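Reader: I am new to reading protein structures. Could you walk me through this one, feature by feature?

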Amino acid sequence: MRAERAQLTNVRLSVVLAMLASLALELALHESGEGWLRIACVLAIQVILLAVGQRYVGRLAARGAPPAGTVSLAVAGLILLPLVYEACLRSFTGFGRPFEVLLICGLRDVTLGLAMMSYWPVYQRLCASLSLFVMLFSASISSHPGTFAAVVLFAIVGVWWLMGNHWDTLRARIHAESKQDLPTQWLLLSAGIVTLLLATVSVGENRVANALTGFMPSSGGTRWYDPSARGGVNDGDALVPGTEDAHSFGPIESEIFKESKESSLYDALDDTYGEPYFPKTLERAVSLPRELVLEIERRMSQTKQAGREFSTLRRRSARQRPVAGIDSQALFYVSGRTPLHLRMEVFDLFDGITWHPEPPPESYPELEMEEVAGKQWLRIRSRYSSPILYGNDSHALRVISLDSNRLPAPSHLLGVHIDKVDNRHFFKFEQEGILALNRKKIPPLTVIHLQSQLANLENRRELYVPRVGPGRYSSVPDDFHTREIARIAAQWVHEVPSGWDEVEMIVSRLHETCVHDRSATAPEGCIHPAAWFLLESRRGADYHFATTAALMLRSLGYQVRLASGFYADPRNYDLRSRQTPVGADDVHVWPEVKLHPGTWVSIEPTPGYELLGPPPGLLEQVVGVLAVLSESAYRHRVGIISLAVLGCLVMAFRVPLLDRLAICWWRLAPGGTPRQQVIRGLQLLELRCRWAGAARPPGMPATTWFRRLAHGDGADPLERLLQLADWAAFAPLSETSDVEYRVEVAASIRQSLTTWSLSRLRGALQRCGLVEERRSRPSHMLHATWQGFGRGIAWVRPARVFATRGGAAR
Amino acid sequence: MNGTEMVTTGTPLSQDFAAIDEVRAALNAVLRGKEEVVDQVLICLLARGHLLIEDRPGLGKTTLAKALADAVGGRFARVQCTPDLLPSDITGFNIFNQKTREFEFREGPVFCEVLLADEINRATPRTQSALLEAMAERQVTLDAVRYPLAGEFFVIATQNPAEQHGTYPLPEAQLDRFAMKLSIGYPGRDDEVAMLGGAVGRSDEVGASGPRPLFAPEQLRRVQDDVVAVAVASSIREYMVSLAEATRNNPHVALGVSPRGILTWQRTAQAHAFLEHRRFVTPDDVQQVARPVLSVRLVVDADDPQPILDDILASVPVPEYVVPDSTS
């Protein structure tokens, strides 16, 4: 029988879904290389158990309702089985698996158990739902190509199963008076939203994906410690095994970088901003105080490596490498929270054009090695304790090709770990807060784990910003342009209390009034790039913003220095590898303000760049996700609004549209033989009836249904179509007709479709009490929306069609 | 114009269809406002089944049976069942002929075309069994001698649902011999007024107002043979089996349809199709005869079986409207 065949197909499809989910999970859990043989054995065992179990359960199902108690016990047993096995495994071998893996294995076992019992529809649907969950989990933690193939197959089989199940549901719709149908429209809408979200995460902007990362299943992540963790970032110890397991952290395609040319920070700066040049006619540092000029000259004579200065006067050369080419090559990868400012050099003296690097500190912070969880960490103990520093943030860097011995690191570094490096003499301080390796450069593919503190800038009372007299960090050139900049700075902070509020005001005014343009350079002949930027163009690169902010703050008496390094941009976050690549075009320059002794805090005057905030709580994460999503939606508001309006219009006029489409399709393909024509005509009429508000119950013949709507009017053209439909579907093939009859068939169908328009059908349905009376459109839509909302909450509602018992079906 | 006229133009059955329509009209004239009951009675007749009417006295059972007998041109007999009714009072008996010195068989009332067994549940089980053998096998066996009954033998049995005192309810096995169970019910107000008007000036003599014979006995047999030949598509057969399974699996039904019951159901569906001038059965035919056919043979746990029957019919999807393949 057709219905039984369909049911059996659904059973088989649900088994296939469960097996695909199981396959994906096995691939995800063992993609680190335990081999195909093991996976194949596990799957073979599962298939055999399923086949044997299904034979037994099939016989049980033929007898009637499922033994609910036994099934509950079996499900509980299947959930507990991996936990018991794990307990034994840990007690005998000492090895274990992460808790979430145990849970998902339990869920997988339950899914397979339910697949075994899928002869009963309730378990079949539960099995399909759990399969979907297991599959989503597997897909989210795995990058194995086999997993993606399984996902595709799962999607195909899933759609097939859904279709079959939908038709089964339609067949049984009138089965019981108490049966309540699902709020299909709302389920479809929810599914659409989820799909849209997943699509946004999958193919949308990286920022969106990044925001959702915290909700992906993983362990060893933020504030979570598990010795069996399989992956994760931040303060979890999973980063430590990550150094041993190349799969868990690090770019796989690192081989290609071995042949690439390694860049130093200076190469990257020159490539990005253009090469520095100096006007021949300009006397350098003429306007600085004499002692500082002498200091600059002393440093220049002592420096062993030329080109350490950072010039704000640059020009782009024709032979410069295009940025697009650089973009594809990562210098290093960052794992952990972003955005992140990784400084490599700091500058203190500024002569109007050039920033001069800060000399090595006279006294170094204490360096000592400390063992944490079996790993050697370099501990950096600051001589000063700052009340605004708190927390503990972890990042990991995998250096690919960086021609420098300096470690790109965030501010307030607390500890560094490099595998196999267990002596503090491997490290040295190049500048204050700038740690370097005691060698020429960092070896490629080195993984550097960094632990740093965060600055709490929320509590204003603890933000002490000292104002000092002229010094290394507060002196400014004494010329007309700088004085003009100082005047503007004073004007901007006129009504703001002194201290951190002034700093924030300068930053925010720069954000508001200036435009970031990475390619902007000062024109030829410019003698004061910062003045040109602030007073003329208001458009410049990040070093223009940083220099101007530094000059303005210095003019207000604050101690400010310039930092250069890299900016790990969250927009570059790669969801699959869970890392942020940092390339040569991610070089960045920003100012730092000295708050307390030994505490330099980064500020970000350049629009488009952000500072790393404190780690968000769960609520903040949710809010953050929503904020990022809404921000993304706002950026694409025109498209979204257009789509929404279009969607609303299509939704509002979907029924007439569908009807027109169906009629067009019928005209194009009316069917071959007279019987086919009749059947197609009837199907079209039934479809129209469904669109009018009520579908024919599956237990009612079409003739009964339509005669009821036509009030048994034998003269109605519909009556003839119904008689023809009976003949077409149930008369033996020997009951043939001639060519004239074919003409009559076509005419009869046309007359029926013309006479029984959508509105007439709706009226007939209303007259028979099968659908509610239609109200005026806006109120009707509101009413429908409210009803749908209610249904969405209540999940179930009374059957709409033929809810009354017995007599209604007649 | 109906479908069959369109699809079976030139059929040789047109005379039979016309005759059936005449019988239907004649019976409708006798039993006013009960077209559906008349149709069911005719379906029973065409399907060679027997009819059980469960209703109160005075609703026209005898009139209907007599009119039917007159219409089909056959003999009519009536048996008023009482507890002292003997099997031989129905089937007949052997009597010793002193002239010929031999036993002669004296036919009972079953030797007719239409038999009305009034208040059958008042007869003893033994007498009921004798009648039911005649209904099922269309023969009477007496002293190891079989006496065949008329091929058109048709029984209309009645029982009163209100009075149960001193009755012998028919067992399920015997109920299964009936094709249908009907209830005539009271006529509508207008029909009753018309009935009163028609009785004014008319003789009370029984049979005086019966229709003239519209069917020759051989024509009735031919029509019954035509009914057997009405086509039943495989999808319809599967549908009927699904319905039968649904009756067996329904928690409110203690005894579902037997295979003999399905055969009767199919035959009545064929008869319904024939009555509609069709030569093939549709799902609607199956559903139209389902209630009278099922109500006589299902044992349900409710006083009113109709809601349960409706549920069963609604729970099984009708066959899809698709063009049958050549194997069906």
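Reader: What is the mean pLDDT of chain B, and what share of its residues reach 70 or more?

Author: This is a predicted model, and pLDDT is the predictor's confidence in each residue. For chain B the mean is 83, and 92% of the residues reach 70 or more. For the model as a whole, the scores are ipTM 0.84 and pTM 0.53.

Reader: Where in chain B does pLDDT stay under 50?

Author: Where pLDDT is low, the predicted coordinates should not be read in detail. In chain B that applies to residues 1–10, where pLDDT stays under 50. The model has 23 contacts beyond four places in sequence for this stretch.

Reader: Let's turn to the overall build. How many helices and strands does chain B have?

Author: Chain B has 13 helices and eleven strands. Of its 328 residues, 53% are buried. Its exposed surface comes to about 14,700 Å², with carbon and sulfur atoms supplying 50% of that area.

Reader: Now the aromatic rings, please. How many aromatic pairs are there over all chains?

Author: A pair of aromatic rings is described by the distance of the centres and the angle of the planes. Over all chains, the count is 13 aromatic pairs. One of them joins A:Tyr473 and A:Trp600, with 4.7 Å from centre to centre and 70° between the planes, an edge-to-face arrangement.

Reader: Which parts of chain A does the pair of A:Tyr473 and A:Trp600 tie together?

Author: A:Tyr473 lies in the loop between strand 14 (447–455) and helix 14 (480–492) of chain A, while A:Trp600 belongs to strand 20 (residues 600–602), so the pair links parts 127 residues apart in sequence. A:Tyr473 counts as buried at 8% relative accessibility, and A:Trp600 is buried too, at 3%.

Reader: What about B:Phe96 and B:Phe103: how far apart are the centres of their rings?

Author: Their centres are 5.2 Å apart and their planes meet at 65°, so this pair is edge-to-face. B:Phe96 is partly exposed, with a relative accessible area of 36%, whereas B:Phe103 is exposed at 59%.

Reader: Where does B:Phe103 lie, and which residues does it touch?

Author: B:Phe103 lies in strand 4 (residues 102–107) of chain B. Leaving aside residues up to four places away in sequence, B:Phe103 touches B:Asn94, B:Ile95 and B:Phe96. Its C-alpha atom is 9.5 Å from that of B:Phe93, ten residues away along the chain.

Reader: Which residues form one aromatic cluster in chain A?

Author: A:Phe310, A:Phe347 and A:Tyr543 form one cluster. A charged side chain can also be read against a ring: A:Arg314 lies over the face of A:Tyr543, 6.0 Å from the ring centre. In chain B, the charged end of B:Arg278 sits over the ring of B:Phe280, at 5.7 Å from its centre.

Reader: Next, cysteines. How many disulfides does the structure hold over all chains?

Author: A disulfide needs two cysteine sulfur atoms within 2.5 Å. Over all chains the structure holds zero disulfides. Take A:Cys689: the closest cysteine sulfur, in A:Cys768, is 9.5 Å from its own sulfur, too far for a bond. A:Cys689 is buried, with a relative accessible area of 0%, while A:Cys664 counts as partly exposed at 43%.

Reader: Finally, the backbone. Which residues does a cis peptide bond join?

Author: A cis peptide bond joins A:Thr338 and A:Pro339, with omega about 5°. A:Pro339 lies in the loop between strand 5 (330–336) and strand 6 (340–350) of chain A.

Reader: What is phi near in A:His412, and is that residue buried or exposed?

Author: Phi of A:His412 is near 55°, a positive value in a residue other than glycine. A:His412 lies in the loop between strand 10 (389–399) and strand 11 (413–418) of chain A, and counts as buried at 16% relative accessibility.

Reader: And where is B:Arg138 found?

Author: B:Arg138 is in the loop between helix 6 (125–137) and strand 6 (139–142) of chain B. Its phi is near 55°, again positive in a residue other than glycine. At 18% relative accessibility, B:Arg138 counts as buried.

Definitions and conventions: Residues numbered from 1 in each chain as written. Chains lettered and ligands numbered in written order. Predicted model: local features only at pLDDT ≥ 70, side-chain atom pairs only at ≥ 80, totals over all residues. Heavy atoms only, no water. Helix = DSSP H or I, 4+ residues; strand = E, 2+ residues; numbered from the N terminus. Buried < 20%, exposed > 50% of the residue type's maximum accessible area, 1.4 Å probe, protein only. Areas by Shrake-Rupley, 256 points an atom, 1.4 Å probe, with all protein chains shown as cover. Phe/Tyr/Trp six-rings, centres within 6.5 Å; stacked < 30°, edge-to-face > 60°. Lys NZ or Arg CZ within 6 Å of the ring centre and 35° of its normal. pLDDT = per-residue confidence, 0-100. Contact = heavy atoms within 4.5 Å.
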